[in-house]
Amino acid sequence: IVQQLITTVLRTDRDLDLKIGPIELKNLMMRLDHQPGFDFHADRFMNLLGNTDEPVPIENIMRVIRNLKDDSVPEEENIFTIRPETLVQMSPNSRKKASRF
């Protein structure tokens, strides 16, 4: 799932400046919200990023992804809630389509 998230973030950076601008951020959030394998909490994501009026450096977004693997973060603060059952329910073809986001 972490690799899937990293790929999604990098593909969203259309101008390859290693920053996610406001439009790219909206696209990223839409993609994250539709990825299988986890629930995405957009409100918590935005709180953790802080000011998003300016482009957000990719390293800040990668810090958010690390939240996924941090056991010390309380459940109510997690940006991502793992839902492996959503991966099992998907066919191989729908998984390929979802990973293209």
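Throughout this tour, a residue is called buried when its relative accessible area is under 20%, exposed when that area is over 50%, and partly exposed in between, computed with a 1.4 Å probe on protein chains only. The model is predicted, so local features need pLDDT of at least 70 and side-chain atom pairs count only at pLDDT 80 or more, while totals for chains, interfaces and linings use all residues. Residues are numbered from 1 along each chain as its sequence is written, and side-chain values use heavy atoms, with hydrogens and water left out.

**The whole chain**

Begin with the chain coloured by secondary structure, where helices (H or I, at least four residues) and strands (E, at least two) are DSSP runs numbered from the N terminus. The chain holds six helices and four strands, and from the N terminus on its elements follow the order α-β-α-β-α-β-α-β-α-α. Of its 101 residues, 38% are buried. Taking a contact to mean heavy atoms within 4.5 Å, one finds that 63% of the contacts between residues at least 6 apart in sequence join residues at least 24 apart.

Select next the loop between H1 and strand E1 (19–20), where leucine 16 is found. Leucine 16 is exposed, with a relative accessible area of 69%, and its phi is positive, at about 55°, although the residue is not a glycine. Leucine 18 lies in the loop between H1 and E1 as well; this residue, again not a glycine, has a positive phi of about 60°, and at 54% relative accessibility leucine 18 counts as exposed.

Centre the view on phenylalanine 45, which, not counting residues up to four places away in sequence, touches Leu25, Leu28, Met29, Leu32, Phe40, Val64 and Ile79.

**Two helix pairs**

Keep H3 and H4 in view: they pack at an angle of about 130° with their axes 10 Å apart, where axes are lines fitted to C-alpha atoms, for helices over the stretch in contact, and angles run from 0 to 180 degrees between N-to-C directions. In this pair, Phe45, Leu48 and Leu49 of H3 meet Asn60, Ile61 and Val64 of H4.

**Threonine 86**

Finish in helix H5 (residues 85–88), at threonine 86. This threonine 86 is partly exposed, with a relative accessible area of 27%. Threonine 86 and glycine 37 are 49 residues apart in sequence, yet their C-alpha atoms are 5.4 Å apart in space. With residues up to four places away in sequence not counted, threonine 86 touches Pro36, Gly37 and Phe38.
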